[in-house]
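Thanks for asking me to look at this one with you.

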Amino acid sequence: MRQKTVMSEQRTDSATYCSTTVQSQDEDRWLACGYASGAKQRALFALYAFQIELRRIPGAVSEPALGEIRLQWWREAFDEIRSGKPVRAHPVVEEIAETGLASETYAALIDGAIDAAAYPLYGEGFADIEALEQWLMSADGAIDAMGVKILGGDQELADIAKKAGSGFALAREGRGLAPNLAEQVADRAKVIAENTRQVLAKASADVTPALLHLALTKLYAARAGKAFPIRKRLKMFSAMAFGRF
């Protein structure tokens with residue numbers, strides 16, 4: 001009985017860790033998760049916490065090789081879960097195991113996101129807006145595509161979310177990622193948002209929580225990536241209630 005209680009407490013602690021990490025590091029996706037519930041919400045929190053862990057790596061290491069070691073650690077953590085080995089003692093890994101994110105269904109997207117996370121380690125920058133967009137599709141868009149699949153969306157919607165995710169990341173973070181492309185970021189983000197808007201608006205209510213942050217792309221583009229805490233809540237509610245992306 002005591003063992004079951006301890007295991008239950010560990011699961012609760014790892015779930016809380018993921019939700020609070022997302023709340024503090026990515027409020028947009030945290031707010032979107034508020035429209036999901038139960039196991040699906042928990043899986044989204046685990047997914048976004050994993051994304052945050054990848055984002056932290058470049059700033060936490062002093063040389064690329066050390067970052068590559070950390071990325072390999074994540075690859076091995078997923079492989080161990082898939083093969084039924086003991087789960088590593090890390091709250092995000094524990095939630096990944098608990099919520100099924102290590103399933104082969106998501107393997108290609110997860111592997112792509114981990115591989116993409118290596119690029120910033122080398123400080124090479126981006127030569128043009130197309131290169132930045134393509135990288136963001138793998139690094140951020142893949143996470144959004146996976147969110148769609150977690151909530152039961154089909155492959156077509158996942159593909160659109162992957163594209164829309166690159167636009168959202170461009171609008172919110174593109175200027176910081178590629179200062180040399182700052183003048184092109186907003187326009188490209190707006191084009192992506194417009195090209196994906198109609199498909200996102202038709203998503204079912206069950207899947208929409210994985211998409212809500214994408215409704216903020218044009219607002220971030222218009223504000224040079226600056227936050228707008230009240231308006232974004234209203235915009236996300238409008239997207240959820242009326243499909244206004």
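1. At what angle do the axes of helix 4 and helix 6 cross, and within what distance do they come? In this predicted model, the axes of helix 4, which covers residues 64–82, and helix 6 cross at roughly 165 degrees and come within 10 Å. An angle over 145 degrees counts as roughly antiparallel, so helix 4 and helix 6 are roughly antiparallel to each other. Their crossing is right-handed.

2. Let's step back to the whole protein. It has eleven helices and zero strands, and a walk along the sequence gives the pattern α-α-α-α-α-α-α-α-α-α-α.

3. How do the overall dimensions look? Along the principal axes, the C-alpha atoms fill a box of roughly 55 × 45 × 30 Å. The radius of gyration of the protein is 18 Å, which agrees with the value near 18 Å that a compact globule of 245 residues would have.

4. Now follow helix 6 to its other partner in these notes, helix 7. Here the two axes are 8 Å apart, and the packing angle is about 150 degrees. Helix 6 and helix 7 are therefore roughly antiparallel to each other. As for handedness, helix 6 passes helix 7 in a left-handed crossing.

5. Helix 7 also meets helix 8, and this pair deserves a look of its own. The axes of helix 7 and helix 8 cross at roughly 130 degrees and come within 6 Å. That angle makes helix 7 oblique to helix 8. The crossing of helix 7 past helix 8 is right-handed. Which residue classes make up the contact of helix 7 with helix 8? There are 14 nonpolar, five polar and seven charged residues in this contact.

6. Finally, please turn to the largest pocket, which holds about 330 Å³ of space. Its lining consists of 19 residues, and those nearest the pocket centre are R55, P58, P120, W135 and L177. Sorted by class, the lining has twelve nonpolar, three polar and four charged residues.

7. Which helices each supply at least two residues of the lining of the largest pocket? They are helix 3 (38–60), helix 6 (107–116), helix 7 (129–150) and helix 8 (155–177).

Key. Residues numbered from 1 in each chain as written. Predicted model: local features only at pLDDT ≥ 70, side-chain atom pairs only at ≥ 80, totals over all residues. Heavy atoms only, no water. 1 Å grid on protein atoms, 1.4 Å probe; cavity = no way out; pocket = protein on both sides within 12 Å on 5 of 7 lines; lining within 4 Å. Points joined across faces, edges and corners; volume = space filled by probe spheres on them. Helix = DSSP H or I, 4+ residues; strand = E, 2+ residues; numbered from the N terminus. Nonpolar A, V, L, I, M, F, W, Y, C, P; charged D, E, K, R; others polar. Axes fitted to C-alpha atoms, helices over the stretch in contact; angles between N-to-C directions. Parallel < 35°, antiparallel > 145°, perpendicular 65-115°, else oblique. Left-handed = near helix turned anticlockwise from the far one by under 90°. Rg over C-alpha atoms; globule rule 2.2 N^0.38 Å.
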